Amino acid sequence: MEKRKIGKEQYQWQSKEIEHFIETGILKKEQGKEILGSYEIEQKQSLFLRFVLSFGAILLGLGVLSFIASNWAEMSNVWKYVLLLSSLAITFGVAWRIEIEHPKTSRALHYLGILIYGASIFLIGQMFHFSGENYQAFLIWALGSLGVGYLLKDKWILLFVIGLLISYSIDFSVMTSTFPMPTLLLILPLVYINYEMKWSRLVTIATNLLALTLTYISVALLLEKTTHHSESFYWLFLAGFIFGLVLLLAPVPKHLELWIRLQANVILAVNGFVLTFEDVWGNEMAFIAFSLGYMLFVFILIKRGSLINILILSGLVLRFYVDISFDFMPKSLIFIVAGLVLLITGYFFEKKRRKGGGLHE
Amino acid sequence: MNKPKQIKRWIVYSIPFLFLAGMSVKPIATVVSGEIITLHTQPIDPRDLFRGDHVLLDLEIETVPYQKLSKAIQERLPDSEPESSKISDEEQSWEKFEVYSILKEKENGIYEVEAVKLTKPETGIFLKGELEPWTALEKEKVVTIQYDIDRYFVPENTGKELEKQSNAGKALVKAKVKDGYAVVQEVVPE
């Protein structure tokens, strides 16, 4: 049987514990020997040596980069191309090769590989004087990195990819007034990878943000093409509000519930808050109906034990209070009453929390 | 590592290379086997955070007189502004569309637009571009066509200098062209 590698301190601690178990009769001497025999001390370099090697590697890396940067303009396109592709190949090659023996270094090299890939995209664009905007580069960067993220099931790479896709989607739709279809098509693979990762919290929240971005973009483009959008602005925030509602009510895995519901409440609060302004609706009846309906909805959520909605309710109360009172009340009185509202909110928040209310519900 | 896992690795690591290669095939083919042309331009120096110092190229061939457009193109141009902003057949005529500018060398060695067509020419030197129909209403009897060569990357902090040198006159763009696609080789003051 292969021995399990552990640190020197852990081995010594394990040895002392087994000795104690033998003395107290919990384990027999042969059993203790067998247990201890299944471990071996991992041979680690000294801390000093590791520091020297790491520092040396960093200096070497900086030296190489500095040499390349100062000679880049003089290099021919052929050499630039060879340098970029070989750097990428070496980085990924070494990362793959050392993955089992040095997992952390391998992971760092994968991150470096993704950065080199991104730099290569822009540098090749520069070499051939590509026209156009950066959004295409962000999409290519995201597509090339997604595979690595899937392979390693790495949440940081996936977060980076989602960030690139959000940037691409916004830039693309602003520049071309067209919906970013590639992003929509990539949502399903992202969800699948997240499922294989057993639903990472951060990746789920980021994917929801991406979906929300696409929702805003599609509504904005529809408004641009169909109506006088200055009169129909509310559709944008209504879509965001409905998105938040779906997120609040959708069934989710238990370990994600806190974060997804929190995200849902934040989205509802932001969009709902904007929709409580008459200018957004352009119609007095609509804004009053929504504002009353939203406050009622918040009350219901508070009744169900949601703490965060106490904060949201106090925000709404303050917002309407300031709106109504600003013109005719003395400013000092406004602040006093506002302060009292916040203190009362804090009291109810603490009371609810002690009763066992959930932050997210 | 078992074979299917190894194959998966190779595929994943190849994807970035495929994208980089895909980006480069056309430009490399153009640089290797394209024809060299010279164009007039007025360079402007902005800054790109990701791609570095560059000059924008305001090419002379971007502004094309009406009479050089083919009849089919002239018929697609709008006569007046649309009345509403709702989607309609009118608005269709306001969207950019693909055209091909056939270039001819003048006596001074500079290339200019001889004719603009909707269909790709079989032979000769030409550039693929996008005609902006609304520009037909902005200026008298000319339209604007945007080509893929609109910028030239320069060594750091030299863009302003190139712009200054060209302000007195124009600059010359040397580009390689193949099959309607161009790659800028050099931008120098005239």
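Across the interface of chain A and chain B, six residue pairs are in polar contact, both residues being at pLDDT 80 or more. A polar contact is a pair of N or O atoms within 3.5 Å; within protein, one must be able to donate a hydrogen and the other to accept it, and residues adjacent in sequence count only if both atoms are side-chain atoms. This is a predicted model, in which local features need pLDDT of at least 70 and side-chain atom pairs count only at pLDDT 80 or more, while totals for chains, interfaces and linings use all residues. Residues are numbered from 1 along each chain as its sequence is written, chains are lettered from A and ligands numbered from 1 in the order in which they are written, and side-chain values use heavy atoms, with hydrogens and water left out.

**The interface of chain A and chain B**

- Four helices of chain A, namely helix 4 (77–97), helix 5 (103–127), helix 6 (135–152) and helix 9 (201–226), each supply at least two residues of the side that touches chain B. Helices (H or I, at least four residues) and strands (E, at least two) are DSSP runs, numbered from the N terminus.
- Helix 6 of chain A gives the most to this side, with nine residues.
- The side of chain A that touches chain B has 19 nonpolar, 13 polar and four charged residues. Here Ala, Val, Leu, Ile, Met, Phe, Trp, Tyr, Cys and Pro count as nonpolar, Asp, Glu, Lys and Arg as charged, and the others, Gly among them, as polar.
- Chain A brings 36 residues to the contact and chain B brings 33 residues, where contact means heavy atoms within 4.5 Å.
- About 3300 Å² is buried between the two chains, and carbon and sulfur atoms give 68% of that area. Buried area is the accessible area (1.4 Å probe) that two parts lose on being put together, summed over both.
- One salt bridge is counted between chain A and chain B. A salt bridge is a side-chain nitrogen of Lys or Arg within 4 Å of a carboxyl oxygen of Asp or Glu.
- A:Glu99 and B:Arg9 form a salt bridge, with their closest N and O atoms 2.6 Å apart.

**Salt bridges within the chains**

- Over all chains, the structure holds 12 salt bridges.
- Side chains of opposite charge can pair when their charged atoms come close.
- A:Glu40 pairs with A:Lys5, the closest N and O atoms being 3.2 Å apart. This pair links distant parts of the chain, since A:Glu40 is in strand 2 (residues 39–41) of chain A and A:Lys5 is in strand 1 (residues 4–6) of chain A, 35 residues apart.
- A:Glu40 is partly exposed at 31% relative accessibility, whereas A:Lys5 is exposed at 55%. Buried means under 20% relative accessible area, exposed over 50%, and partly exposed in between (1.4 Å probe, protein chains only).
- A:Glu257 and A:Lys254 meet through their side chains in a salt bridge of 3.4 Å, N to O. A:Glu257 is partly exposed at 21% relative accessibility, and A:Lys254 is exposed at 70%.
- B:Lys104 forms a salt bridge with B:Glu114, with the closest N and O atoms 4.0 Å apart. B:Lys104 lies in strand 5 of chain B and B:Glu114 in strand 6 of chain B, so the pair ties together parts that are 10 residues apart in sequence.
- Both are partly exposed, B:Lys104 with a relative accessible area of 47% and B:Glu114 with 42%.

**Chain B: make-up and hairpins**

- Chain B has five helices and 11 strands, and 44% of its 190 residues count as buried.
- Of the contacts in chain B between residues at least 6 apart in sequence, 63% join residues at least 24 apart.
- Strand 5 (residues 97–105) and strand 6 (residues 111–117) of chain B run antiparallel and are joined by six bridges; two strands pair if DSSP finds at least two bridges between them.
- B:Tyr100 has B:Lys117 in strand 6 as its bridge partner.
- Five residues lie between strand 5 and strand 6 in their hairpin, where B:Gly109 takes a positive phi near 85°.
- Strand 10 (residues 171–178) and strand 11 (residues 181–189) of chain B pair in the antiparallel sense over eight bridges.
- B:Ala175 has B:Val184 in strand 11 as its bridge partner.
- The hairpin of strand 10 and strand 11 has two residues between the strands, and B:Asp179 in the turn has a positive phi of about 60°.

**A:Ser291**

- A:Ser291 lies in helix 13 (residues 284–303) of chain A and is buried, with a relative accessible area of 5%.
- A polar atom of the A:Ser291 side chain lies 2.7 Å from the backbone oxygen of A:Phe287.
- Leaving aside neighbours within four places in sequence, A:Ser291 is in contact with A:Leu275, A:Thr276 and A:Phe320.
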